[in-house]
Amino acid sequence: MNQRVLIIEDDEALGAQIASQLRDAGYQPHWLRDGRSATDDAAQAALVLLDIMLPEQSGLDILRSIRRTSDVPVMMLSARTDTFDRVRALRLGADDYLTKPFWPEELIERVKARLRRPVMQRSEVLDLGRVQIDLAAHTVYVDGAAVPFTAVELRLLSLLGRRAGAAVTRAALVEHALDPDREGGERTLDVHISRLRKKLGNPDAIQTVWGIGYRMVRSE
Amino acid sequence: MRLRSRLLLTSLAASVPLAIALIWLFRESRSSHFDRMTAAEVRSALEAPGRETCERDPATWADAFVAGRRMPPTIRMRAFVYDASFASGVAEAPPITEASRRRLLNGVDVSLRTDDDRGRIDDLVTPTGTNGACAFVLVRREPSGVPAPAPTLAFETTLAVWVLLVLAVVALALGPVLARLRRLSKAMRLSASGEREEVAVEGDDEIADVARAYNEATSQVREHVRRQAAREGALRSFLANTTHDISTPLAVLTGHLALLSKLVAAGGKIEPSVVAAAMNEAHYMAALIQNLGVAAKLDAGEPALELGPVDLVDVVERAVQRHRPIAAQLGISIELAVPAAPLVVEADVTLVERALGNLVHNAVRHNHCGRHVAVILDGAPETFSVRVIDDGPGIAPEARAALLADSPPTSERRRRADGGQGLGLRIASRIAALHDWQLCFVPTDVGACVELRSSRDGAAASSRA
């Protein structure tokens with residue numbers, strides 16, 4: 001990663017913690033205690049973490065000043081929980097708003113989400129590592145070899161494959177992939193999933209998610 | 001100075017000069033009328049053969065002119081004739097001043113008024129238009145010395161009487177008005193001291209408008225004061241509750257940290273369970289502080305919702321994200337399922353996050369290692385459903401209704417002994433009600449399922465699960 005993240009936080013303990021957490025997550029933190037050079041430094045950063053309550057200058061004023069010259073993503077850090085403050089920050093150009101206290105993992109996840117480049121899945125081929133699903137040709141390749149799947153199985157795979165990494169509910173799978181009159185409902189879903197796992201040759205390719213349904217993961 | 005005195009004085013100050021002006025105008029117009037009439041009569045008397053008579057024998061003409069005029073017995077009229085050099089053949093003829101002569105020579109009538117001990121004397125001098133012995137005629141009206149008959153009511157007296165009458169009527173008419181103003185003033189004092197809420201509105205005039213305006217103003221002030229008092233009460237309550245409720249988990253956290261410190265100092269292994277417990281307390285305190293803040297606002301009659309478009313997919317993802325670290329520490333699996341597309345509703349984003357956060361927090365905190373929590377968002381903006389399911393110990397049916405009861409949280413209720421779920425669930429329930437949503441327990445065989453849904457057919461969305 002090594003993307004530069006600008007931190008503007010006056011609290012020594014919190015600022016040091018955030019810088020350390022970002023460094024551990026593979027980012028390159030640059031920490032300012034006030035907003036004096038914020039506008040110039042923001043131009044070099046991939047993301048700005050900006051505390052709202054700074055001693056000499058309001059975080060919102062710094063945000064305004066950054067926004068005059070840059071579209072860099074800005075995440076506000078604040079102990080204030082009023083919707084009014086949050087909406088005001090978002091209207092001034094903030095991209096996200098994280099209220100204190102927060103766990104380091106939550107901060108890192110939000111930073112990652114903000115910096116993640118969206119993957120535009122334009123092609124009709126879903127690449128899931130060992131498994132490729134050609135939606136146009138209705139063909140599934142496992143380790144490069146075409147494997148026959150029934151129409152129901154293809155529909156299930158397409159649904160799970162398009163949302164790889166995310167859990168899909170049983171109800172959604174039944175609604176969009178099964179015909180209740182022919183393929184049955186939720187009771188037969190498990191049977192179909194079991195068959196899918198066998199054909200994919202990897203029981204972990206489709207994970208059972210407790211309380212929800214199933215999730216397809218990329219398998220290497 | 002009181003209003004009645006001020007009004008009377010003002011009326012007097014206005015009416016006396018007015019009366020004087022009217023009297024002066026009356027007198028002047030009467031004199032002007034006399035002058036015009038007299039000048040016309042002189043000219044008429046000087047028409048032929050009168051002019052020849054005047055030129056030949058001015059004194060005789062003058063006597064004849066006066067004899068032909070009717071005057072009241074108190075007035076005597078005399079006439080004097082002057083030649084072109086302002087000389088008269090009559091010794092008693094009044095002299096004509098230089099200033100008057102200049103005007104007369106310009107053909108302008110001159111009228112003079114003088115007063116002596118007998119009374120007012122009016123003189124009118126008019127040029128005749130000739131240069132002979134009868135060049136100017138002076139007509140004098142003066143008191144005759146005959147005593148005036150029984151006094152009659154002159155114009156001036158009549159006017160003075162009318163002015164006084166009007167003043168008296170004004171003074172009387174003010175009475176009821178001043179009485180109303182005094183009653184209004186008394187009522188306002190009673191209202192200001194708190195003995196009465198509103199003042200009575202009598203009639204439909206400007207005084208009634210003042211009373212109405214006062215009532216509106218005091219009503220707004222009272223409402224403002226009430227809200228201020230409520231806010232201050234909420235703040236005091238928040239401070240008191242926070243101090244009380246935070247102290248225990250803080251003490252527990254202190255204990256965990258002390259234990260960790262001992263372990264580190266002794267070179268021993270840091271037990272993950274101790275770390276997990278410490279994190280759990282910190283997480284609980286963070287949620288508690290935020291919940292107490294929201295509770296204080298809700299109890300104070302705030303907030304007015306800051307409505308805006310809220311993507312529930314984002315909110316659910318953030319709520320799960322926030323609880324992943326503590327769930328991992330406790331050995332609890334937490335998963336979520338959301339639609340692929342945004343699900344945007346009109347809501348207060350902070351309150352909705354708080355409500356969902358509380359539900360997820362409860363599911364994680366009151367669960368056991370190795371168990372599960374699932375958060376499922378389903379449906380459409382008008383018919384959405386968010387379910388938080390866990391396979392923990394669950395909540396006894398008899399306790400569920402009390403946990404969702406919409407009553408202000410009290411320090412007795414906020415006990416950790418009831419699992420501490422009360423405050424979080426009550427706040428979530430109130431937030432749902434503010435948005436016209438529903439929060440309810442869905443029957444399950446194992447654990448608990450709490451559902452937050454829109455009020456319109458939200459059940460339809462959840463029934464598909």
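Which elements cover the buried residues of helix 7 of chain A? In this predicted model, the buried residues of that helix, which spans residues 170–177, are Ala171(A), Leu173(A), Val174(A) and Ala177(A). Their cover includes helix 6 (151–162) and helix 8 (186–200) of chain A, together with strand 10 (167–169) and strand 12 (213–216) of chain A.

Chain B contains twelve helices and eleven strands. Its 465 residues include 42% that count as buried. Among contacts in chain B with a separation of 6 or more, 64% are made by residues 24 or more positions apart. The accessible surface of chain B amounts to about 24,800 Å², and carbon and sulfur atoms account for 60% of this area.

The interface of the two chains was examined next. The size of an interface is often given as the accessible area lost when the parts come together. For chain A and chain B the buried area is about 2,500 Å², with 56% of it given by carbon and sulfur atoms. On the side of chain A, the residues that lose the most area to chain B are Arg86(A), Trp103(A) and Trp210(A), which together make up 30% of what that side buries. In terms of contacts, 27 residues of chain A meet 32 residues of chain B.

The largest pocket has a volume of about 1,800 Å³. Its lining consists of 47 residues, and those nearest the centre of the pocket are Ala113(A), Arg116(A), Val313(B), Asp314(B) and Glu317(B). In chain A, the elements that give two or more residues to this lining are helix 4 (83–91), strand 5 (96–99) and helix 5 (104–115). In chain B, they are strand 5 (308–311), helix 8 (312–330), strand 6 (333–337) and strand 7 (344–347). Helix 8 of chain B gives the largest share of the lining, eight residues. By class, the lining of the largest pocket holds 24 nonpolar, 19 charged and four polar residues.

Two cavities of 30 Å³ or more were found. The largest cavity holds about 200 Å³ of space. Of the 15 residues that line the largest cavity, Thr99(A), Gln290(B), Thr350(B), Glu353(B) and Arg354(B) lie nearest its centre. Helix 5 of chain A gives two or more residues to this lining, as do helix 7 (272–299), helix 8 and helix 9 (349–365) of chain B. The lining of the largest cavity is made up of seven charged, six polar and two nonpolar residues.

Thr99(A), one of the residues nearest the centre of the largest cavity, belongs to strand 5 of chain A. Thr99(A) counts as buried because its relative accessibility is 13%, and the cut-off for buried is under 20%. With residues up to four places away in sequence left out, Thr99(A) touches Ser78(A), Arg80(A) and Thr81(A) in chain A, and Gln290(B) and Arg322(B) in chain B. Gln290(B) is also among the residues nearest the centre of the largest cavity.

Several backbone features were then considered. Most residues other than glycine have a negative phi, and most peptide bonds are trans. The peptide bond from Lys100(A) to Pro101(A) is cis, with omega near 0°. Pro101(A) is located in the loop between strand 5 and helix 5 of chain A.

In chain B, Phe86(B) has a positive phi of about 65°, although it is not a glycine. This residue is placed in the loop between strand 1 (75–82) and helix 4 (98–105) of chain B. With a relative accessibility of 10%, Phe86(B) counts as buried. A positive phi of about 65° is also found at Asp436(B), which is not a glycine. Asp436(B) is in the loop between helix 11 (421–434) and strand 10 (437–441) of chain B. Asp436(B) counts as exposed because its relative accessibility is 53%, and the cut-off for exposed is over 50%.

A further residue of chain B, Asp116(B), lies in strand 2 (residues 110–116). Asp116(B) has a relative accessible area of 32% and is therefore partly exposed. Between Asp116(B) and Glu142(B) the separation is 26 residues in sequence and 9.7 Å in space, C-alpha to C-alpha.

Technical notes
Residues are numbered from 1 along each chain as its sequence is written. Chains are lettered from A and ligands numbered from 1 in the order in which they are written. This is a predicted model: local features need pLDDT of at least 70, side-chain atom pairs count only at pLDDT 80 or more; totals for chains, interfaces and linings use all residues. Side-chain values use heavy atoms; hydrogens and water are left out. On a 1 Å grid over the protein atoms alone, a cavity is a set of points where a 1.4 Å probe fits but cannot get out, and a pocket is an open set with protein on both sides within 12 Å along at least five of seven lines; lining residues have an atom within 4 Å of a point. Grid points are joined across faces, edges and corners, and a volume is the space filled by probe spheres set on the points. Helices (H or I, at least four residues) and strands (E, at least two) are DSSP runs, numbered from the N terminus. Ala, Val, Leu, Ile, Met, Phe, Trp, Tyr, Cys and Pro count as nonpolar, Asp, Glu, Lys and Arg as charged, and the others, Gly among them, as polar. Buried means under 20% relative accessible area, exposed over 50%, partly exposed in between (1.4 Å probe, protein chains only). Contact means heavy atoms within 4.5 Å. Accessible areas come from the Shrake-Rupley method with a 1.4 Å probe; for residues, only the protein chains shown count as cover. Buried area is the accessible area (1.4 Å probe) that two parts lose on being put together, summed over both.
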